[in-house]
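Thank you all for coming this morning.

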Amino acid sequence: MKEDNCLHAALICLGMLCYSHAVTTEKLNHARPSLHGHHEKGKEGQVLHRSKRGWVWNQFFVIEEYTGPDPVLVGRLHSDIDSGDGNIKYILSGEGAGIIFVIDDKSGNIHATKTLDREERAQYTLTAQAVDRNTNRPLEPPSEFIVKVQDINDNPPEFLHENYHANVPERSNVGTSVIQVTASDADDPTYGNSAKLVYSILEGQPYFSVEAQTGIIRTALPNMDREAKEEYHVVIQAKDMGGHMGGLSGTTKVTITLTDVNDNPPKFPQSVYQMSVSEAAVPGEEVGRVKAKDPDIGENGLVAYSIIDGDGVDMFEITTDYETQEGVVKLKKLLDFETKKSYSLKVEAANVHIDPKFISNGPFKDTVTVKISVEDADEPPVFLKPSYIFEVQENAASGTVVGKVHAKDPDAANSAIRYSIDRHTDLERYFMINAEDGNIKTIKALDREEIAWHNISVFAVEVHKQHQEAKVPVAIKVVDVNDNAPKFAAAYEAFVCENARSNQQFITISADDKDDSANGPRFIFSLPPEIIHNPNFTLRDNRDNTASVLVRREGFSRQKQDLYLLPIVISDGGLPPMSSTNTLTIRVCGCDSNGSLLSCNAEAYVLNAGLSTGALVAILACIVILLVIVVLFVTLKRQKKEPLIVFEEEDVRENIITYDDEGGGEEDTEAFDIATLQNPDGINGFIPRKDIKPEYQYMPRPGLRPAPNSVDVDDFINTRIQEADNDPTAPPYDSIQIYGYEGRGSVAGSLSSLESATTDSDLDYDYLQNWGPRFKKLADLYGSKDTFDDDS
């Protein structure tokens, strides 16, 4: 404590000396301005006076951690104009003024009232002022100065971490860097040696060393073996003051782990392994395990096993269990004690990963001999085949032999065998087996069309050891016999038109046969001998298992006969062949000129009394729908609004349409209210008014032009019909006026006799000859009359 006080006093004296030197220097360099100062000329010739300054403060020093009984003197403020009469008052402001630093306003002495810590704050900035005590008028401008806290060695070094962990490979060379530890000192590194650190190792020799200046830990011994010692604890010290006496220090612990390298080969703990396996074992079953020990860990300790030699190479295999690092010996094929009773294997264990740096420590593999003995087992009977396939003809007599199965006892005892059928596979009991010799026979007739294959299972058991049982699948194919005649492939029903032509084909039929293809197609179609010369229909065999039915004569009448039954004989190609007679139902129907079906006699005249429920429901539904439509139509008719424009007087021309009388020709059609007869839906959504003539005029398609008088009237009318049918503005009824044919203005003239001459002699009927066949009788009638008149 006494030494500390002396040190503090020395530092204070040193600070005061620095302060006095600074003040003296400042006063020498910056004198107070006087009236006789140095003169300088300004820019405009003005004489300037350089003031002599005596009121500038640079910095003071105060030592940290001072613990004396009295406040420590930091320094003194003084102005050159202070005569000592007490009229000048010194004021201190800034950081810590009044709290940490206090000033005597008369003398200007500054004291520190608290202990300072440089590590908390290294300096303070203060401002000094000199004012008149009575008037508080500033006598000197404010002067800013700094109070620096002078450092002492009061902080020991501290490491960044309390504990370090590091790894280094085993067998590393001497001087291999392990880890760098770093310590810090809170003291001022620019002042003295308080923060100058030196590292040293306290624990961990002789394995490791540390660099004094950097803190890098390095290996100090060669060939350190992880398998001998894996973990080391090292203590590192950091000391300030450059490591000299009196310096402060700190320590840290470093845990260094040696990581593994592959420097050890695998070794089997014994030279021979003895194992045994039953001959009843199945392939893939484990026989035993071997293990080569490798002190290395991780991938360096991985071992792979293989069989490199021995008489059991083909019978056994070995795999590696990487979780336990064991070699698992497994059975590869079935064993037979009676054939071979023991096997020998040479197994090798080798490292998976090898480090080239330690290849000289090798070889990194080892071998061992594995001897395996085969144990005798009471084996079940063994069938000579894994499965059996037999054939038997269908409809074979009961007791027919299907085939024979055979099994034997593989043991040396060679016990007698008894056979039986698994009845779960032959529920209908089609077969039986002789328990002594294994012959399989039928019990009842078989039908290929019902079951083509029978799959049964046969058991074989030892007579004296019933628990020893074997099972084999037996597939029995039922060979087809031609015992089914061909039939129609579908329920055919043919339709023939009343206006059918001779040799016209109206249906193609095919056949189906339940027998196998060998006894089925090809099919032969023919008519029975008694109707081979049927006057109505004939049959043509297409020689592709189909036949076509043709009409032999022209003209059928539904009123005379609307239904024909045609028997057809179908024969197959089996030995012996089978045939059957099938009846084809042929209905006579009405057809259009293109042969399209319109109606048949059954639909036109007769209603089948035996209607199904669905048909009755459909009919009733149609009736209900029609009634609903009628009701809606009547309702809409009643609710129909009156025309938008009502004529006060009835137009006689409206009555003509109402009475359905013929019009007066094209010129007269303008008098009709065509809009009232338009399609209500209109064209493109347009609905015309009843009282307004539509403005849209239909333009005839190109090519449809009025024919001259010399054209055939039949063609002329057909042309006009086609034109009217394609006219979207045409009324929804047929009328001669639409054809543009009659009345005044018609190119054909009028057919009415209203405007005819009073005497027949005035009429010329020669044009009737050009009107076509439909007017032939009329032309002949009037032509004859004209001829008669001329003759007379």
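This is a predicted model: local features need pLDDT of at least 70, side-chain atom pairs count only at pLDDT 80 or more; totals for chains, interfaces and linings use all residues.

Let me start with a question: which residues are linked with R226 in a network of salt bridges? They are E227, E230 and D260, so that four residues, R226 included, are joined in this network.

To give you the overall picture, the protein chain has 792 residues, of which 35% count as buried, and it is built with six helices and 43 strands. Among the contacts between residues at least 6 apart in sequence, 64% join residues that are at least 24 apart. The chain exposes about 47,800 Å², and carbon and sulfur atoms supply 52% of that area.

Let me return to the salt bridges, of which the count comes to 20. One of them joins R121 and E95, whose closest N and O atoms are 2.6 Å apart. R121 sits in the loop between strand 7 and strand 8, while E95 sits in the loop between strand 5 and strand 6, so this pair ties together parts of the chain that are 26 residues apart in sequence. R121 counts as partly exposed, at 35% relative accessibility, and E95 is likewise partly exposed, at 32%.

Another salt bridge is formed by R171 and D225, with 3.7 Å between the closest N and O atoms. Here, too, distant parts of the chain are linked, since R171 belongs to the loop between strand 11 and strand 12 and D225 to the loop between strand 16 and strand 17, which places them 54 residues apart. A further example is the salt bridge in which the side chains of R218 and E211 meet, at 2.9 Å from N to O.

I turn now to the aromatic residues, where a search of the whole structure finds 16 pairs. In one of these, the ring centres of F159 and Y199 are 6.1 Å apart and the planes lie at 50 degrees, so the pair is tilted. F159 is in strand 10 and Y199 in strand 14, 40 residues apart, and both F159 and Y199 are buried. The pair of F316 and Y343, by contrast, is edge-to-face, with 5.4 Å from centre to centre and 70 degrees between the planes. F316 and Y343 are both buried as well, and Y343 has K340 lying over its face, at 5.2 Å from the ring centre.

There is also a cluster, in which ring pairs link F383, Y388, F390 and Y419. Two of these residues, F383 and Y419, are touched by F459, whose other contacts include R418, D422 and K471. F459 lies in strand 33 and is buried, with a relative accessible area of 17%. F459 and K471 are 12 residues apart in sequence, and their C-alpha atoms are 4.6 Å apart in space.

Technical notes: Residues are numbered from 1 along each chain as its sequence is written. Side-chain values use heavy atoms; hydrogens and water are left out. Rings of Phe, Tyr and Trp (its six-membered ring) pair if their centres lie within 6.5 Å; planes under 30 degrees apart count as stacked, over 60 as edge-to-face and the rest as tilted. Helices (H or I, at least four residues) and strands (E, at least two) are DSSP runs, numbered from the N terminus. Buried means under 20% relative accessible area, exposed over 50%, partly exposed in between (1.4 Å probe, protein chains only). A charge sits over a ring if NZ of Lys or CZ of Arg is within 6 Å of the ring centre and within 35 degrees of the ring normal. Contact means heavy atoms within 4.5 Å. Accessible areas come from the Shrake-Rupley method with a 1.4 Å probe; for residues, only the protein chains shown count as cover. Lists of a residue's contacts leave out its neighbours within four places in sequence.
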